[in-house]
Amino acid sequence: MEIELYQLDAFTNLPFKGNPAAVCPLMHELSDDLYQKIAAEMNLPETAFLIKHNPSDDFTTGSRFRLRWFTPTNEVNLCGHATLATAAVLFQYKNNVNPVLVFDTRSGEVAVTPQGDGYVLDFPLNPPTEQDPNEFRDIIKAAVGDLPIQDVYLSANTKKLMVRLADSCDRSVLTSLKIDPILLQSSEKTGKVKGLILTMKGSPDSQPGYDFYSRYFAPWNGITEDPVTGSAHTVLACYWTKKLGKKKMLAYQCSSRGGELELEVRDDGRINIGGQVVTVLQGTIIL
């Protein structure tokens with residue numbers, strides 16, 4: 001069996017930046033075991049499997065497909081950068097003719113529209129609720145030590161814990177933070193948290209005018225640090241839109257690779273997440 005393979009960097013216009021994803025367009029479903037083995041072999045934050053609803057469907061003319069995302073260790077419910085990468089494969093390499101593509105996923109329908117030099121994701125919002133920091137003191141201590149924090153919020157739906165650093169912290173504090181993934185994972189074993197978002201207020205007055213910064217860690221899903229995380233911004237945008245009083249925001253995820261996300265919080269409980277994609281590899285998996 002031969003499987004087409006693309007590797008792309010999402011939320012960036014430069015190779016080796018942003019977040020890498022593998023995309024495999026499939027003629028039919030494979031076994032879950034094989035999906036997981038391929039994702040482990042690729043060893044990227046996510047591998048996306050694009051599946052036709054019917055064998056007679058066509059990647060060029062079809063407008064609706066199934067989409068599944070796997071980390072090296074497990075399947076996940078929502079992934080922004082691998083969805084962006086999948087859309088790029090369909091539009092750039094399969095010459096898809098539709099103005100909008102819809103994917104059926106574990107999180108329901110998600111849509112992607114080409115816009116300018118990039119693409120816009122239509123994703124569900126995941127509003128977090130404020131928490132007592134003492135309930136999460138172990139994970140907070142493992143992540144940021146004694147740094148001052150301002151807010152702690154939890155998205156129970158996505159199991160993402162968001163910790164905001166105090167405004168007295170400079171961006172360099174967040175960028176230079178070294179986190180031990182083993183210590184972080186062992187600090188939280190209740191099952192309430194599967195991902196940690198660290199965030200801080202941005203610098204909207206200095207170019208390019210980022211409204212907020214973040215980093216994202218998910219050792220519970222086999223990812224020490226995810227470079228640029230669309231799904232985390234379904235939580236972050238809910239928080240920052242209220243704090244900043246803005247619907248449209250520009251966010252920067254300051255991992256070592258780094259990536260930029262254009263956000264628009266909508267009134268219908270969804271969010272537009274915009275970004276660019278660069279292809280770095282094209283090939284064939286031979287089984």
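Student: Which side chains meet R266 in a salt bridge at 2.7 Å, N to O?

Tutor: The side chain of D268 meets R266 at that distance. A salt bridge here is a side-chain nitrogen of Lys or Arg within 4 Å of a carboxyl oxygen of Asp or Glu. The model is a predicted one, in which local features need pLDDT of at least 70, side-chain atom pairs count only at pLDDT 80 or more, and totals for chains, interfaces and linings use all residues. Residues are numbered from 1 along each chain as its sequence is written, and side-chain values use heavy atoms, with hydrogens and water left out.

Student: How many salt bridges does the count come to?

Tutor: The count comes to 20. Among them is a bridge between the side chains of D122 and R266, at 3.3 Å from N to O. This pair links distant parts of the chain, 144 residues apart: D122 lies in strand 8 (residues 118-124), and R266 lies in the loop between strand 16 (259-265) and strand 17 (270-275). Helices (H or I, at least four residues) and strands (E, at least two) are DSSP runs, numbered from the N terminus.

Student: Why does R266 count as partly exposed?

Tutor: R266 counts as partly exposed because its relative accessibility is 23%. Buried means under 20% relative accessible area, exposed means over 50%, and partly exposed is in between, with a 1.4 Å probe and protein chains only.

Student: And what does D211 form with K246?

Tutor: D211 and K246 form a salt bridge, with their closest N and O atoms 2.6 Å apart. The two residues are 35 apart in the chain: D211 is in the loop between strand 12 (195-201) and strand 13 (212-218), while K246 is in the loop between helix 6 (230-244) and strand 15 (248-253).

Student: Is D211 buried or exposed?

Tutor: D211 counts as buried, because its relative accessibility is 5%. K246, at 32%, counts as partly exposed.

Student: Changing topic, where is the place of T199?

Tutor: T199 is in strand 12, and at 0% relative accessibility it counts as buried.

Student: Which side chain does a polar contact of 3.0 Å join to that of T199?

Tutor: The partner is the side chain of W240. A polar contact is a pair of N or O atoms within 3.5 Å; within protein, one must be able to donate a hydrogen and the other to accept it, and residues adjacent in sequence count only if both atoms are side-chain atoms.
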